[in-house]
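This report describes the fold and packing of one protein chain. The sequence and the model come first, and the description follows.

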Amino acid sequence: MPASSAKTQSFPRPTRGTQRLLRYPIFIIVILIVLIELLAYFILRLGVIIYEAIQILFQCRSNSILWKALKNCKSYDEYVELAKDLDLNNGRNEWKFDPNAYSYDTQIVSQNLAEMKLNQQNKDFVKLSENLIEIFNHILKWFEDESLYTQCNYGTKYIVEEFIDNVENSIKRIRNCTR
């Protein structure tokens, strides 16, 4: 009987060597690595915040004269001139050159613009009026999106301005045509 009871009875195995030595140091090392990464992240975020604050400070100082003049304009022509200068100084004009926007389909706008110009050159007022009907029913509402008019102090994308100018010219040509 004593032999069988010895087999069923188990004794706890004592922790030896590396088990006892590295149990807590590995945990501490992992925690230290996580804390160091967290500290590095906060230092990086603080650096970004300081950099952005310095950029805004210098930008505001360089444009403060233009902003004051823009706020104190006496006429629309003066406002347009100062707003264009401010957009040029702030680098906002690059946005105007990119014809792509999420609020309208660039390809359809370009096709209608080319068709409108062709009909104006050929003095085909019937096709021009059909094109304008299509534009007023479907396309012109795309240009009502606020995002097209909040990026700059004056104007919007050049393709939009050109399109609206051509619509206006087409209406004038149809109004003045003689049959």
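In the protein chain, residues 24 or more positions apart account for 68% of the contacts with a separation of 6 or more; contact means heavy atoms within 4.5 Å. This is a predicted model, in which local features need pLDDT of at least 70, side-chain atom pairs count only at pLDDT 80 or more, and totals for chains, interfaces and linings use all residues. Residues are numbered from 1 along each chain as its sequence is written, and side-chain values use heavy atoms, with hydrogens and water left out.

**Overall make-up**

The protein chain holds 7 helices and 0 strands, and its elements run α-α-α-α-α-α-α from the N terminus. Helices (H or I, at least four residues) and strands (E, at least two) are DSSP runs, numbered from the N terminus. Of the 179 residues in the protein chain, 22% are buried. Buried means under 20% relative accessible area, exposed means over 50%, and partly exposed lies in between, with a 1.4 Å probe and protein chains only.

**The cores**

The largest nonpolar core has 15 residues. A nonpolar core is a set of buried Ala, Val, Leu, Ile, Met, Phe, Trp, Tyr and Cys residues joined through side-chain atoms within 4.5 Å. Tyr104, Val109, Met116, Ile135, Phe143 and Phe163 have the most contacts inside this core. H5, H6 and H7 each supply at least two of its residues, and the largest share, 5 residues, comes from H6. A second, separate core has 5 residues, including Leu66, Leu70, Leu82 and Leu86. In soluble globular proteins, nonpolar side chains tend to be buried together.

**Packing of H5 on H7**

Helix H5 (residues 106–122) packs against helix H7 (residues 158–176) at an angle of about 35 degrees, and their axes are 10 Å apart. The axes are lines fitted to C-alpha atoms, for helices over the stretch in contact, and angles run from 0 to 180 degrees between N-to-C directions. The crossing of H5 and H7 is left-handed, a term that applies if the near helix is turned anticlockwise from the far one by less than a right angle. H5 contributes Thr106, Val109, Ser110, Asn112, Leu113, Met116, Lys117 and Gln120 to the contact, while H7 contributes Ile159, Glu162, Phe163, Asn166, Val167, Asn169, Ser170 and Arg173. By class, the contact has 6 nonpolar, 7 polar and 3 charged residues. Ala, Val, Leu, Ile, Met, Phe, Trp, Tyr, Cys and Pro count as nonpolar, Asp, Glu, Lys and Arg as charged, and the others, Gly among them, as polar.

The contacts below leave aside neighbours up to four places away in sequence. Met116 touches Leu128, Asn131, Leu132, Ile135, Phe163, Asn166, Val167 and Ser170. Ser170 lies in H7 and is in contact with Met116, Gln120, Leu128 and Leu132. Ile135 lies in H6 and touches Asn112, Met116, Leu140, Phe163 and Val167. Ile135 and Asn112 are 23 residues apart in sequence, with their C-alpha atoms 7.9 Å apart.

Leu140 is found in the loop between H6 and H7 and is in contact with Ile135 and Phe163. The C-alpha atoms of Leu140 and Phe163, 23 residues apart along the chain, are separated by 9.3 Å. Ser147 is in the loop between helix H6 (125–139) and H7, where Ser147 touches Trp95 and Tyr102.

| Residue | Relative accessible area | Class |
|---|---|---|
| Ser170 | 0% | buried |
| Ile135 | 0% | buried |
| Ser147 | 18% | buried |
| Leu140 | 23% | partly exposed |
| Lys123 | 57% | exposed |

Lys123 is found in the loop between H5 and H6. The phi of Lys123 is near 55 degrees, a positive value in a residue other than glycine. Most residues other than glycine have a negative phi.

**Helix H3**

The 15 residues of helix H3 (residues 76–90) should span 21 Å at 1.5 Å a residue, and the end C-alpha atoms are 21 Å apart, which agrees. The expected span is 1.5 Å times one less than the number of residues in a helix. Val80, Leu82, Ala83, Leu86, Asp87 and Asn90 are the buried residues of H3. Gly91 follows H3 and has a positive phi, near 75 degrees.
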